[in-house]
Amino acid sequence: MAESLPLEMLTYILSFLPLSDQKEASLVSRAWYCAAQNALREIPPQLSSSYLSSPAHPGLAMDSTTKDGMQPALLPGSSCPGPEWPEQERAERLARGAALKWASGIFYRPEQLARLGQYRSREVQRTCFLEARMKVGIRQWAGVLGVGSRAGRASLVASLPQSVVQSYLEGVKTGMWQLAQALEAVREACGALGQAHGLLQGMAKAVQTLEPLREQVSQHMQLQALSQLLPRLRAIPAAVAHTQTLIDAQQLLEAYVSLRELELLRGETWASLGDLELPIFEGLGPLAEGLGQAVEAVVGAAGQLAREDPALLVAAVRVAEVETGRTTALEQAPRDWRQRCLRALQEGLERVHFQTPLLPGPGALAGWLEALRVALPAELATAEALIAPCCPPHYKVVQLWAHTLHSGLRRCLQQFLEGAELGAADAFTLLHWALHVYLGPEMMGSLELGPEADVSQLEPLLTQENIEQLEATFVSKVQISVVQWLQKALDGEVAEWGREQEPDTDLSGFYHSPMPAIVLQILEENIRVTSLVSESLQRRVCAMALSELGAFLRSFSDALIRFSRDHLRGEALAPHYVPYLLATLNHHSALSSSVSVLQPDGVVSGALAPVEAALDELQRRICRLVLEVLLVELQPLFMALPSRQWLSSTELLDNVCERTASFCRDFWRVRNPAVQLLLAETERTVVLQYLCALMQGRLACRSAEERNQVAERLQHDAAQLRDLFLDLGLEESLQCAPVLLTLGKLLNLRDPTMLGLEVAGLRQQFPDVSSEDHVSALLDLRGDVSREQRLAALSFLQAGPQPSPPAGRRALFSLVPAPTPAPSSCLPSGPCA
């Protein structure tokens with residue numbers, strides 16, 4: 001069969017195999033040997049075009065005549081041996097010799113014989129692998145030649161060598177044999193499992209019959225163990241009593257050793273008796289709890305023991321640490337005495353400083369806080385120097401002390417704030433102590449306090465809500481006190497107004513009273529002291545102080561009104577009414593000049609506006625009250641103005657000036673700038689009374705000579721008033737008397753047709769002059785103005801635009817009433833109206 005395949009096909013098939021497989025394939029037959037030689041020479045196999053295009057080539061199933069006629073054609077250079085093929089025999093001998101040499105080398109040692117089965121299996125696998133590679137090569141070659149039908153593949157298989165077919169059959173046989181062996185092994189395993197199942201069922205029945213015997217054996221073993229432990233068990237009550245005695249004597253280490261021996265005996269008994277707990281061990285639980293309480297009590301007094309008996313403190317801590325690190329048996333819960341010690345340290349420290357009987361009562365907060373200021377740093381120093389060496393490092397004693405003291409103090413302060421409302425002094429003391437002293441260098445901010453205290457992690461001693469509550473309490477309490485103090489100061493000042501002697505004076509001769517200084521001192525001290533606490537408290541107190549100062553000024557003004565009313569009505573005559581009114585102007589000046597001290601840095605700049613407005617109102621009220629007294633004296637004198645007597649004599653104005661000068665003789669006791677304002681208002685009041693009298697229509701000039709006399713009188717009076725107030729100290733620029741000169745020019749105008757221009761000039765200087773009232777009264781005073789001229793002057797005045805008032809000039813004619821039969825009292829409405 002192999003000889004029927006063309007050499008080119010075999011060469012092409014072998015070209016797909018590796019070199020080792022090609023060498024093994026060359027042993028199949030002579031044709032395969034030649035094909036392998038050609039493949040080794042790397043001559044690409046070429047299929048002749050005549051062969052590939054032959055009509056007999058569609059499949060490998062060719063007739064016998066064609067197959068007999070086909071001969072393998074060797075490629076040039078191929079050295080295929082003759083029909084004898086001696087190389088095959090030589091190669092077979094070489095292979096057998098190599099196999100024998102390999103086998104002798106492998107199995108030379110006896111221990112290698114155990115691997116014979118492995119070697120045989122490996123060789124079988126190699127043979128199967130080689131055959132599989134050959135089959136793959138044949139399929140690829142068949143694909144190249146287009147052999148796709150079953151007949152073609154059968155012909156190709158038939159062309160394989162006899163040895164290959166034989167190897168296929170041997171492989172199948174081996175597989176069948178292996179399957180049979182596996183089936184036999186499975187059957188044997190099933191039988192063995194059945195036997196084992198039967199044996200297990202029989203053993204279970206036997207175990208049930210042995211259960212009573214097992215119980216008896218267990219009881220026997222327990223009795224045997226109990227008999228061995230009986231001498232030790234008899235000593236347990238005495239050991240328990242001895243341990244309790246040690247606990248009472250505070251011999252904690254010895255007590256703990258005795259307790260551990262008893263617990264070990266209980267564990268041994270429990271294991272020996274098979275989880276059976278004897279009643280004799282019931283006292284160990286309370287005994288251990290008693291030892292734990294003793295340890296807790298000793299650790300709770302660590303501050304005292306660290307000075308008096310540090311060995312006892314160390315023993316208690318050692319017992320707690322050993323017990324915490326011990327593993328428990330008998331399914332008992334672990335006794336974490338370390339946590340109990342830490343809690344005892346905290347509770348003992350809080351009990352010393354923050355126990356309920358130690359909390360301060362009302363009014364005793366300052367002393368309590370001062371005691372804490374001294375005690376807490378000493379406590380921290382003791383913890384660092386004495387207690388920390390007695391405890392393990394992981395206790396972090398200094399940090400525990402700092403945090404415990406802080407939390408205890410914080411809780412105490414919270415309880416204190418939830419109780420009765422604090423007074424102003426207590427609220428201030430607590431705020432200052434919590435915000436400054438506690439965190440200052442004397443306490444938690446001390447440089448001697450090491451980093452192990454970790455004070456940076458402490459919560460604020462007072463919450464923001466607590467701070468706001470304390471600030472509100474302090475402000476409300478201080479406000480009540482301030483109101484009382486200001487009322488007392490006002491009552492004392494009002495009581496002095498009725499004295500038989502004049503007001504007190506200072507070294508410069510000015511009227512003086514301590515009331516303004518008292519008021520400002522009360523308010524300023526409260527504001528200044530709050531700067532020691534916080535800016536927010538200072539702002540609150542400043543706002544309260546300004547509010548109360550405004551209320552005080554209003555109360556002061558009301559008191560002045562009552563004082564004036566009682567005096568003028570004759571109900572309570574004051575011997576020195578005007579001097580005390582003048583003294584109040586000095587009070588106003590003192591308050592105005594010093595009110596800025598109530599506005600510290602950081603306060604809104606407009607906070608003083610209400611107080612300044614109240615001060616201005618008070619000043620106007622005082623001036624009005626003073627000028628009312630002057631009006632009472634001047635009004636009878638102005639009743640004769642204007643008159644023929646007034647034209648012919650200066651007696652009337654001389655009396656006015658004399659009364660005015662007498663009234664103003666004490667003005668020098670008023671400080672600047674209040675005295676200048678008072679003089680200006682006095683001069684303005686005199687001029688207004690003069691204008692009111694002039695406008696009443698009591699006189700009408702009958703000739704040009706009388707008009708000239710009126711103008712000269714007005715000019716003379718204006719000069720006399722100017723000189724009077726210049727002597728009193730009033731600057732000429734602040735006087736209103738020059739208005740009389742303007743009116744004199746109007747009255748002395750010789751050409752009535754020019755009255756319109758003169759009236760317009762008057763309107764330009766005094767925009768508040770009324771055309772219907774004031775101008776008509778002046779024209780009536782002239783006595784020579786006809787109806788047509790009057791209408792022309794008034795129409796000329798009304799036709800012009802309304803002029804704006806000159807800068808710095810106050811209203812004058814608007815305060816002069818229209819002519820009435822009876823004289824009228826008029827007061828200025830400016831700053832003192």
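Guide: Helices (H or I, at least four residues) and strands (E, at least two) are DSSP runs, numbered from the N terminus, and on that basis the chain has 31 helices and zero strands. This is a predicted model, in which local features need pLDDT of at least 70 and side-chain atom pairs count only at pLDDT 80 or more, while totals for chains, interfaces and linings use all residues. Residues are numbered from 1 along each chain as its sequence is written, and side-chain values use heavy atoms, with hydrogens and water left out.

The residue to look at is S513, which lies in the loop between α19 (464–496) and α20 (515–530). With a relative accessibility of 8%, S513 counts as buried, a term that means under 20% relative accessible area, with exposed over 50% and partly exposed in between (1.4 Å probe, protein chains only). Across the chain, 41% of the 833 residues count as buried.

Leaving aside residues up to four places away in sequence, S513 touches E493 and H587, where contact means heavy atoms within 4.5 Å. Towards E493 there is also a polar contact, side chain to side chain, at 2.6 Å; such a contact is a pair of N or O atoms within 3.5 Å, and within protein one must be able to donate a hydrogen and the other to accept it, while residues adjacent in sequence count only if both atoms are side-chain atoms. For the chain, among contacts with a separation of 6 or more, 76% are between residues 24 or more positions apart.
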